[in-house]
Amino acid sequence: TIPEAREVAAAVRKTGRVLQVGSQTTSSDQWWKARKAIQDGMIGKLIMSQGSYHRNSERGEWNWTIEPGAGPDGKGDDYIDWKMWLGRAPERPFDADRFFRFRKYWDYSGGIATDLFYHVVAPLQICWGEPQFPRRVYGSGGNYVFTDDGREVPDTFMLTADYAKGHSLVLSSSMANDTHIPGLIRGHEGTIMMVPDGKFEGKVDFITVTPQSVGKDAFKNKYGTIEMKLETEPRETHMENFLRCVRTRQTPVLDADTGYRAMVAIAMSVQSYREGRVLYFDETSEKVVAAPPKA
C-alpha cells in the first residue's frame, strides 16, 4: 500500500540504513544507457514511456497447483497457520484457493499491477533521471476470459499515469494474450527502443536511439548516423550493489524513496480501477486525492 511504502521510505531516512528494493532487471545496463541518452539530450524533451506485460495460460494466470493435504488441520509440511498467513487481511475461513492462488484476490493482491508492473515502473524511474510521483493516474481493463475461476482481479489491465514534469506512462497487460507491445521511451526529438518484443523480464544486448524528423539533421550532425545502437555492458548485480552500499553507505540502485514513488503509481492504478475514477496525488500531503491538488 502507499502508506506502507511511505513508512518504509521514512524509516530509511530516519535511521540512515541501506535498503535495496528487489525489482527484476533494475540493475541491468539498459536502463542506465537509456538514462544517459536522455540526459545527453538524444531524444529531446521526454514525453512518454510505454511498456507491457503479457502472458497466456490455459489454466488461467496464478491458478497454481493446490496441495490436497494442506490446511490448518494438515500435519508436518502440510500444516498452514492460516491466522498468521492472513496477517492484517480480513478474517475469512480457510480457503485453499485463496492460499495457493492468492494473487487472484483483492485481499492479498493488486493483480497484474502489483505483481508485474513494478518491474517496469521502478527501473523507468532510473531512466527519467530522478524518482517522481505521478500527478494523475487511471487504471482500466476487466476480467474478460477467466470468468469462472473465482478471481476478483482483472485478467487484462492498463495503467496510465501523468507526471508533473510533463510526460506520461502507459502500460498494457493481459494474462489472456501473450503478444507484447514494444518497450519505448518517447521524446519530442527521438525515441529509445528499450525492448523490441516488449518483454522487460530479462537482459537486453542493446537499446536503439532513433531521431524523429524534427531532430534528424541535428542527430546526424552530432553522431554521424540516423540511428544509434547502444550496447549494454556488464554491471554489478543487484545483490552486489546492495552489499557494496552496506560497506560504503552509498545509495543503492533502487533505494526506498525511488521504490516508494514507483509504488504510488501502481497502487493508485489499482484504486482507480476499483473505484472507477481518475485519481490524483498531492505531493504536499503525500496522499491520494479525488480532485487535482492546488498548485
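1. Let's start on the outside of a helix. Glu7 and Lys14 are exposed, and they sit on the face of H1 that is turned away from its buried side. Please keep in mind as you look around that this is a predicted model.

2. Now turn to the other side of that helix. Which residues of H1 are buried? They are Ile2, Ala5, Ala9 and Val12. These four lie on the same side of H1 because the arc they cover around the axis is only 95°. As for their partners, the buried residues of H1 pack against H8 and against strand E10, which is made of residues 287-289.

3. A word on the dimensions of this helix. H1 is 14 residues in length, and the span from its first C-alpha to its last is 20 Å, close to the expected 20 Å at 1.5 Å a residue. Just after the helix comes Gly16, whose phi is positive, at about 75°.

4. The largest pocket has a volume of about 630 Å³. It is lined by 25 residues, and those closest to its centre are Thr1, Ile2, Glu4, Thr114 and Met263.

5. Which elements give two or more residues to the lining of the largest pocket? They are helix H1 (2-15), helix H5 (112-127) and helix H8 (256-275). H8 gives the most, with 9 residues.

6. For the second largest pocket, the volume is about 170 Å³. Its lining has 14 residues, and Val12, Arg17, Thr251, Pro252 and Asp255 are the closest to its centre.

7. Which helix gives the most to the lining of the second largest pocket? That is H1, with 3 residues. Both H1 and H8 supply at least two residues of this lining. By type, the residues around the second largest pocket are 6 nonpolar, 3 polar and 5 charged.

8. To tie the points together, follow H1 and H8 through the model. Both helices give two or more residues to the lining of the largest pocket, and each supplies at least two to that of the second largest pocket. H8 is also one of the elements that the buried residues of H1 pack against.

Methods: Residues numbered from 1 in each chain as written. Predicted model: local features only at pLDDT ≥ 70, side-chain atom pairs only at ≥ 80, totals over all residues. Heavy atoms only, no water. 1 Å grid on protein atoms, 1.4 Å probe; cavity = no way out; pocket = protein on both sides within 12 Å on 5 of 7 lines; lining within 4 Å. Points joined across faces, edges and corners; volume = space filled by probe spheres on them. Nonpolar A, V, L, I, M, F, W, Y, C, P; charged D, E, K, R; others polar. Expected span 1.5 Å × (residues − 1). Buried < 20%, exposed > 50% of the residue type's maximum accessible area, 1.4 Å probe, protein only. Arc of directions from axis to C-beta. Contact = heavy atoms within 4.5 Å.
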